[in-house]
Amino acid sequence: MQSLEAELERANALDVSDLADAIEDIGFECTRCGSCCTSEADDPHTATMFPDEVRELQDATEYDFRDVARPMPYGLSDGDDEPEGETFEWALQTDDCGDCRFYEEDDDGLGACSVHPDRPLICQTYPFSVELGGTSQPMGEAVDESGIVRAHECEGLGTDIDREHAEELADALKERAVRELEEAIGVRDNYEPANPDSGEVVVHDSEGAKNTDGTEYEG
């Protein structure tokens, strides 16, 4: 297994043209089905966000931190009233149905993102990922692949995609791979066990330990 630094070097060296070739080979067109923005009973919506993406979405929406992001639920345990414990990463906030809070449907039932221009990289690049250690593989195992590019379950796969769109996706995909590895290195280097009290949640990201409102955790 390569170090995160070695994987980051690989990510920085990715050729966007090669990634675009792979995306064209797989094929994709968004059908606006909304599946990547909504939850199922056995598949909760947990789209990851970088700390600065949370703040950028805050600025775009004028929402509070907790209206935009929530602690990634994995690793938390059930407290008396709310989850508690320590976790890593932030996830897009969800509504009472477990769907992304920024997801909406038009009168024809087509899905739409209410913050589309400011959506996180994970949303910009779905359903694709790159096979590098330290990068995320969203929504389960890959269902198709071409070179280093993996495609995850989506009804829009296999559809012809024009070169311009493929290159836009490829550019965002490389950026996401680099950012995910930088984030992982930052989390590793800044991590210190927080040992939160009962009923508390601490999120460890690349900037350190934080409360659920994004402020610094002081213990």
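Throughout these legends, buried means a relative accessible area under 20%, exposed means over 50%, and partly exposed covers what lies in between (1.4 Å probe, protein chains only). The model is predicted, with local features requiring pLDDT of at least 70 and side-chain atom pairs counting only at pLDDT 80 or more, while totals for chains, interfaces and linings use all residues. Residues are numbered from 1 along each chain as its sequence is written, and side-chain values use heavy atoms, with hydrogens and water left out.

**View 1. The edge-to-face pair of Phe 65 and Trp 90.** The structure holds 4 aromatic pairs, where rings of Phe, Tyr and Trp (its six-membered ring) pair if their centres lie within 6.5 Å, and planes under 30 degrees apart count as stacked, over 60 as edge-to-face and the rest as tilted. In one of them, Phe 65 and Trp 90 are 4.9 Å apart centre to centre, with 75° between the planes. Phe 65 belongs to helix H4 (residues 65-68) and Trp 90 to strand S5, so the pair ties together parts that are 25 residues apart in sequence. Both Phe 65 and Trp 90 are buried.

**View 2. The tilted pair of Phe 88 and Tyr 191.** These two rings, Phe 88 and Tyr 191, lie 5.6 Å apart centre to centre, with 40° between the planes. The pair links distant parts of the chain, 103 residues apart, with Phe 88 in strand S4 (residues 83-88) and Tyr 191 in the loop between H6 and strand S11 (201-205). Phe 88 counts as partly exposed at 41% relative accessibility, and Tyr 191 likewise counts as partly exposed, at 34%.

**View 3. The open sheet S1-S5-S2.** Helices (H or I, at least four residues) and strands (E, at least two) are DSSP runs, numbered from the N terminus, and two strands pair if DSSP finds at least two bridges between them. Here 3 strands are arranged in the order S1-S5-S2 with antiparallel pairing. Strands S1 (48-49) and S2 (69-71) stand at the edges, each with a single partner strand, so one side of each is left without a neighbour in the sheet. S1 and S5 (residues 90-92) pair over 2 bridges, and the bridge partner of Thr 48 in S5 is Ala 91.

**View 4. The buried face of helix H1.** Within H1 (residues 4-12), Glu 7, Leu 8 and Ala 11 are buried. Seen down the axis of H1, its buried residues fall within an arc of 105° (taken from the directions from the helix axis to the C-beta atoms), so they line one face of the helix. These buried residues pack against helix H6 (163-190), contact meaning heavy atoms within 4.5 Å.
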